[in-house]
Structure formats: structure tokens, C-alpha cells
Amino acid sequence: MVPLRMTQEQDMEYRAMVAQNAATMEMAPEVLGAATGLLVNELQRSPAATLKPIMKMLRYVEEVQQSSVHSEDAKFVVYMIGLAINMEKYVIYVLEHSKLSLIHI
């Protein structure tokens, strides 16, 4: 692999972009020992067991949707929306990765 030549400013911009967008990180098989890799593995091997509890938690958002924006319920709603978005990224990654592996067979 040839290293990229970047100025210090370009390197700082690249690192900031990677920090802001976890989707730019490549997940390799050697990552399976890390928390990210474990989630990918669970989504590949038992997606229903991984996603059903999260879906159940998301249903509670509907119950507290009329809460004040300053309540603890609002913090829960914001957290769950963030969790749902992150899980969607991982599910999309797993689906795309599985399609690519089927193409190479």
C-alpha cells in the first residue's frame, strides 16, 4: 500500500472527517475482536436477536413523544434516534458486505 502524501492541514481535515463519520471507517475481519466487529458479527449471524430488542425500545419513543423538550424523556428520544441511525448504518454495511461476498463466489 502506498502512503498518501498530505499536508498537515489536509491530514487534520481528513482526521476530522473520519471522526465525524463512522461510516468512512473500513471494517475488516481482524476488527471482529473490537466492539464494532462484534456488532457486525451479531448482525451477520443473528440479526433478529440483535435488532428485535432495539426495535422494542424504539416503540417506547412513541409513548413519550408528547413530552417536554426539557424532560428526561426528551433525552431518551434523542438517544434512541441516534441509536437507530447508527444501527441503520451497520445494517446497511452488513447487507452490502454480504452482497459483495455473494458476487465473489
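Helices (H or I, at least four residues) and strands (E, at least two) are DSSP runs, numbered from the N terminus. The model is predicted: local features need pLDDT of at least 70, side-chain atom pairs count only at pLDDT 80 or more, and totals for chains, interfaces and linings use all residues. Residues are numbered from 1 along each chain as its sequence is written, and side-chain values use heavy atoms, with hydrogens and water left out.

**View 1. Elements of the chain.** The order from the N terminus on is α-α-α-α. The secondary structure therefore comes to four helices and zero strands, in terms of DSSP runs. Of the 105 residues in the chain, 14% are buried. Buried means under 20% relative accessible area, exposed over 50%, and partly exposed in between (1.4 Å probe, protein chains only).

View 2. Helix α3 covers residues 47–63. Its 17 residues reach 25 Å from the first C-alpha to the last, close to the 24 Å expected at 1.5 Å a residue; the expected span of a helix is 1.5 Å times one less than its number of residues. The buried residues of α3 are T50, I54 and V61. They cover an arc of only 30 degrees around the axis, so they lie on the same side of α3. The arc is that of the directions from the helix axis to the C-beta atoms. On the face of α3 turned away from the buried side are the exposed residues A49, K52, K56, R59, E62 and E63.

View 3. V61 belongs to helix α3 and counts as buried, at 17% relative accessibility. V61 and M80 are 19 residues apart in sequence, and their C-alpha atoms are 7.6 Å apart in space. M55 is also found in helix α3, but M55 is partly exposed, with a relative accessible area of 42%.

**View 4. The largest nonpolar core.** Six residues make up this core: V40, L43, I54, M87, Y90 and V94. Two or more residues come from each of α2 (35–45) and α4. Helix α4 gives the most to the core, with three residues. A nonpolar core is a set of buried Ala, Val, Leu, Ile, Met, Phe, Trp, Tyr and Cys residues joined through side-chain atoms within 4.5 Å.

View 5. The structure holds one salt bridge, in which the side chains of E72 and K75 meet at 3.4 Å, N to O. A salt bridge is a side-chain nitrogen of Lys or Arg within 4 Å of a carboxyl oxygen of Asp or Glu. Side chains of opposite charge can pair when their charged atoms come close. E72 and K75 are three residues apart in helix α4 (residues 72–103), so about one helical turn separates them. E72 is exposed, with a relative accessible area of 57%, and K75 is exposed as well, at 53%.

**View 6. A nonpolar patch on the surface.** M57, Y60 and F76 form the patch, with about 250 Å² of accessible area together. Y60 sits in helix α3 and is partly exposed, with a relative accessible area of 41%. Patches are made of residues with over 30% relative accessible area and no salt bridge; like charges are joined within 9 Å, and nonpolar side chains (Val, Leu, Ile, Met, Phe, Trp, Tyr) within 5 Å. Accessible areas come from the Shrake-Rupley method with a 1.4 Å probe, and for residues only the protein chains shown count as cover.
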